[in-house]
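Please read them with the structure open.

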Amino acid sequence: MSVDLEGRTADVWGSAPYERFSGQHYGAVKHLMTLLPVEPGQRWLDVATGTGEVALPAALAGAKVTGCDLSPGMIAKADRRAAELQLGVRFDVADAQALPYPDASFDVVTSCFSLNLVSDYEAAAAELARVCRPGGRLGLVTVLPDRGQAEIFGVLLRFMPPMPADAPDPYQWADRDYLQKVLGDHFELSYAEGDTPQRGPSGEAMWDLMASCYGPAHQLVGGLDEASRAELARGVVAVYESYRSPTGEISMPRPYLIITGIRH
């Protein structure tokens, strides 16, 4: 069994109700929006938009928003959410590595917790720069490789097939030297860090949410035998439970890095 994180051979991310899980990102999204204040009428592109976690708040604040994602299932859900809010957001099925938009066609380009899923980081970085106008703004959010979510992914990886030898390091998007290499010729970059803890009443409840709503975990669980599923659950629950607070609630840190830039 293989888990296709990028979703090129199957709509992994659209296979589960990710919008029930993505509320965990609210703190990071809010932080990003404070660093990129919306101006009415701004042409805003959210790349790998998921179910619209950044696109919808930007539209609510008055931006003219386009969101794109490789997953048709995610785009369908984002469309439904926009309709419920009576927002005229355009959502497209599109590849972050080959965006179907003209050069310099957006004032703001964002992507939140997603670019580590593409196979060619340099191509994605070049596309972000290409579609952003001179003087436009860039805003990216990426996971930092310490504590919390990184530990959860470490458990998941033990049950996945080995990654190809040439697979890119997903934490390169948190490496400032690498970011300068792939984006620094195009943008004047700045950085900010934060934490958006994942909270829940128990490790079991938090794993149940992830296994049912987070596409790759959902697919992984579905392909394991009963003993392996139980072992996986114990491993993830143990990570969550290690962050139980004195009040009894679990609050697992999820440190992140925000990269902002001004297009040269």
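Predicted model: local features only at pLDDT ≥ 70, side-chain atom pairs only at ≥ 80, totals over all residues.

1. Start with helix α5. Its buried residues are Gln 149, Ala 150, Ile 152, Phe 153, Val 155 and Leu 156.

2. How do α5 and α9 pack? Their axes lie 9 Å apart, at an angle of about 170°. Angles over 145 degrees count as roughly antiparallel. The two helices, α5 and α9, are therefore roughly antiparallel to each other. On the α5 side, the contact is made by Glu 151, Ile 152, Val 155 and Leu 156. On the α9 side, Leu 232, Gly 235, Val 236, Val 239 and Tyr 240 take part. By class, the contact of α5 with α9 has seven nonpolar residues, one polar and one charged.

3. An α-helix has 3.6 residues a turn, so residues three or four places apart point the same way.

4. Next, α7. The buried residues of this helix are Gly 203, Met 206, Trp 207, Met 210, Ala 211 and Cys 213. What covers them includes helices α5 (149–157), α8 and α9 (226–241). Strands β7 (198–200) and β8 (250–252) are also included in that cover.

5. At what angle do α7 and α8 cross? The axes of α7 (residues 203–213) and α8 (residues 215–222) cross at roughly 90° and come within 5 Å. That makes α7 roughly perpendicular to α8. From α7, the contact uses Trp 207, Met 210, Ala 211, Ser 212 and Cys 213. From α8, it uses Gly 215, Ala 217, His 218 and Val 221. The residues of this contact divide into six nonpolar, three polar and no charged. Trp 207, Met 210, Ala 211 and Cys 213 of α7 also count as buried.

6. Check Gln 24. It sits in the segment before α1 (26–35). Is Gln 24 buried or exposed? At 15% relative accessibility, Gln 24 counts as buried; the cut-off for buried is under 20%. Beyond residues up to four places away in sequence, Gln 24 touches Thr 196, Pro 197, Gln 198, Arg 199, Leu 209 and Arg 254.

7. Asp 69 belongs to strand β2 (residues 64–69). It is buried, with a relative accessible area of 10%. Leaving aside neighbours within four places in sequence, Asp 69 is in contact with Ala 48, Thr 49, Gly 50, Met 74, Ile 75, Asp 92, Val 93 and Ala 94. Asp 69 and Gly 27 are 42 residues apart in sequence and, C-alpha to C-alpha, 22 Å apart in space.

8. Last, the whole protein. It has nine helices and nine strands. The radius of gyration is 18 Å, close to the 18 Å that the globule rule gives for 264 residues, so the protein is as compact as a globular protein of that length. Its C-alpha atoms fill a box of roughly 55 × 40 × 35 Å along the principal axes. Of the 264 residues, 53% count as buried. Among contacts with a separation of 6 or more, 78% come from residues 24 or more positions apart. The protein exposes about 11700 Å², and carbon and sulfur atoms supply 53% of that area.

Note on methods:
Residues numbered from 1 in each chain as written. Heavy atoms only, no water. Axes fitted to C-alpha atoms, helices over the stretch in contact; angles between N-to-C directions. Helix = DSSP H or I, 4+ residues; strand = E, 2+ residues; numbered from the N terminus. Parallel < 35°, antiparallel > 145°, perpendicular 65-115°, else oblique. Contact = heavy atoms within 4.5 Å. Nonpolar A, V, L, I, M, F, W, Y, C, P; charged D, E, K, R; others polar. Rg over C-alpha atoms; globule rule 2.2 N^0.38 Å. Buried < 20%, exposed > 50% of the residue type's maximum accessible area, 1.4 Å probe, protein only. Areas by Shrake-Rupley, 256 points an atom, 1.4 Å probe, with all protein chains shown as cover.
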